[in-house]
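My entries follow in the order I made them.

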Amino acid sequence: MKYLSEYRDAQLVRAVMDEISRTIHQPWVIMEICGGQTHSIMKYGLEQLLPADVELVHGPGCPVCVTSLEMIDKALAIASLPNVIFTSYGDMLRVPGSSGDLFSVRATGGDVRVVYSSLDAIKIAQENPDKQVVFFAIGFETTAPANAMSVIQAHNLGLENFSLLVSHVRVPPAMHAILGSPSSRVQGFLAAGHVCSVMGFWEYPSIAEKYNVPITITGFEPLDIAQGILLTIRQLENGSHAVENAYARVVTFDGNRPAQKTIRQVFEDCAQAWRGIGMIPLSGWRLKDEFSNYDATNRFQVQSIKPSESQLCIAGQILQGLKKPVNCPAYATQCTPEHPLGATMVSSEGACAAYYRYGRSQ
């Protein structure tokens with residue numbers, strides 16, 4: 001199976017790990033940005049194969065985890081309204097808001113449906129002209145092109161019963177926020193390959209230069225991640241801080257220009273709140289004024305919601321690489337997948353969910 005089995009070859013992975021052991025001479029802290037990479041690291045036990053001097057910390061690259069609590073509460077409010085069909089990716093249904101989740105809204109009669117893309121929501125809107133259909137448009141640069149396209153399609157179709165609850169986030173501003181913090185421990189990055197497949201990595205050299213950190217574009221299979229760590233360690237040991245592309249079978253410097261053009265046609269940069277982290281300047285996308293009639297927050301008047309976060313959840317510190325899930329006193333006790341306090345325990349890309357699922361307890 002080309003591009004899959006060879007990247008899970010245990011002997012090849014061990015050979016790279018051996019090379020890392022020969023290369024490293026002092027401790028280093030490396031952050032993998034994407035939650036998908038975190039799950040691969042936990043699933044394949046890569047941390048156990050690494051020398052003790054390599055510490056991996058887990059970044060904010062889980063779209064479900066960083067969707068702000070205020071936006072989750074707006075989703076609950078809109079989904080509870082009569083005459084509304086609220087559509088979302090399945091991961092979002094179990095994310096706790098201030099008072100429940102989308103599953104609880106559906107249990108009390110709300111019409112909440114799981115879809116695989118915003119274009120599915122367009123079809124539902126066409127089939128239900130007497131209902132208002134809302135799509136929960138979360139995610140990073142990977143989901144933004146399809147969501148932008150859905151707005152263009154709705155506009156071309158003249159659909160008046162379709163809107164987006166937009167909560168898009170961007171990776172580069174989050175990297176600036178993490179590296180610019182006085183408490184940052186991150187010395188090197190494994191950048192998310194799928195984000196770079198859309199956006200390229202032309203935004204990254206200035207980050208590497210400003211903060212003196214190496215950045216390696218990395219895939220999601222065990223060999224991808226091991227090679228990404230090796231390239232990052234080589235740079236750290238040599239004192240260099242360049243951007244390297246270890247995912248060249250998917251990523252180019254420029255990325256997918258047509259997809260970027262579609263995003264820019266519909267969205268514009270804005271400050272965005274990240275759950276557990278706070279407001280990060282220019283880290284989000286909102287609908288341009290010419291498409292504001294597709295903005296669900298305008299259509300349903302849910303601007304005044306005041307969220308209330310759990311005082312026990314430390315997800316924000318985990319997402320910044322300051323702590324790990326096992327450092328949370330509520331981990332696997334008061335916070336479990338059945339009774340989560342934060343999104344990181346229920347998302348398929350959440351760090352706490354990865355530790356819990358693959359049995360990491362220390």
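**Entry 1: Asp289**

I began with Asp289, which I found in the loop between E11 and H14. Helices (H or I, at least four residues) and strands (E, at least two) are DSSP runs, numbered from the N terminus. Asp289 counts as exposed, because its relative accessibility is 66%. My scale for this: buried is under 20% relative accessible area, exposed over 50%, partly exposed in between (1.4 Å probe, protein chains only). I also took a distance to Leu119, 170 residues away along the chain from Asp289: the C-alpha atoms are separated by 21 Å.

A note on terms of use. This is a predicted model with residues numbered from 1 along each chain as its sequence is written, and local features need pLDDT of at least 70, side-chain atom pairs count only at pLDDT 80 or more, while totals for chains, interfaces and linings use all residues. Side-chain values use heavy atoms, with hydrogens and water left out.

**Entry 2: positive phi**

Most residues other than glycine have a negative phi. Asn83 has a positive phi of about 70° and is not a glycine. I placed Asn83 in the loop between H5 and E3. Its relative accessible area is 41%, so Asn83 is partly exposed. Gln301 is the other entry here, with a positive phi near 55°. Gln301 sits in the loop between H14 and helix H15 (315-319). With a relative accessible area of 62%, Gln301 is exposed.

Thr216 is in strand E8 (residues 215-218). Is Thr216 buried or exposed? Thr216 is buried, at a relative accessible area of 0%. Its side chain makes a polar contact of 2.8 Å with the side chain of Thr232.

Thr67 lies in the loop between H4 and H5. Thr67 counts as buried at 1% relative accessibility. I found a polar atom of its side chain 2.8 Å from the backbone oxygen of Pro63.

**Entry 3: rings**

I counted six aromatic pairs. The rule takes rings of Phe, Tyr and Trp (its six-membered ring) with centres within 6.5 Å; planes under 30 degrees apart count as stacked, over 60 as edge-to-face and the rest as tilted. One of the pairs is Tyr89 with Phe135, edge-to-face at 5.4 Å centre to centre and 90° between the planes. Tyr89 lies in the loop between strand E3 (84-88) and helix H6 (102-107), and Phe135 in strand E5 (residues 132-139), so the pair ties together parts 46 residues apart in sequence. Both Tyr89 and Phe135 are buried.

I also noted a charge over a ring (NZ of Lys or CZ of Arg within 6 Å of the ring centre and within 35 degrees of the ring normal). The charged end of Arg249 sits over the ring of Tyr7, 3.7 Å from its centre.

**Entry 4: pockets**

A pocket is an open set of points on a 1 Å grid over the protein atoms alone, with protein on both sides within 12 Å along at least five of seven lines; a cavity is a set where a 1.4 Å probe fits but cannot get out; lining residues have an atom within 4 Å of a point. Grid points are joined across faces, edges and corners, and a volume is the space filled by probe spheres set on the points.

The largest pocket holds about 430 Å³ of space. It has 19 lining residues, and the closest to its centre are Met71, Lys74, Val166, Arg286 and Thr297. Helix H5 (69-79), strand E10 (267-274), strand E11 (278-287) and helix H14 (296-300) each give two or more residues to this lining.

The second largest pocket has a volume of about 210 Å³. Of its 17 lining residues, the closest to its centre are Pro63, Ile138, Gly139, Thr143 and Glu349. Helix H4 (63-66), E5 and helix H10 (193-199) each supply at least two residues of the lining.

**Entry 5: cavities**

I logged three cavities of 30 Å³ or more. The largest cavity has a volume of about 60 Å³. Its lining includes Cys313, Tyr331, Thr344 and Cys352. The second largest cavity has a volume of about 40 Å³. Its lining residues include His58, Cys62, Thr344 and Glu349.

Technical notes
A polar contact is a pair of N or O atoms within 3.5 Å; within protein, one must be able to donate a hydrogen and the other to accept it, and residues adjacent in sequence count only if both atoms are side-chain atoms.
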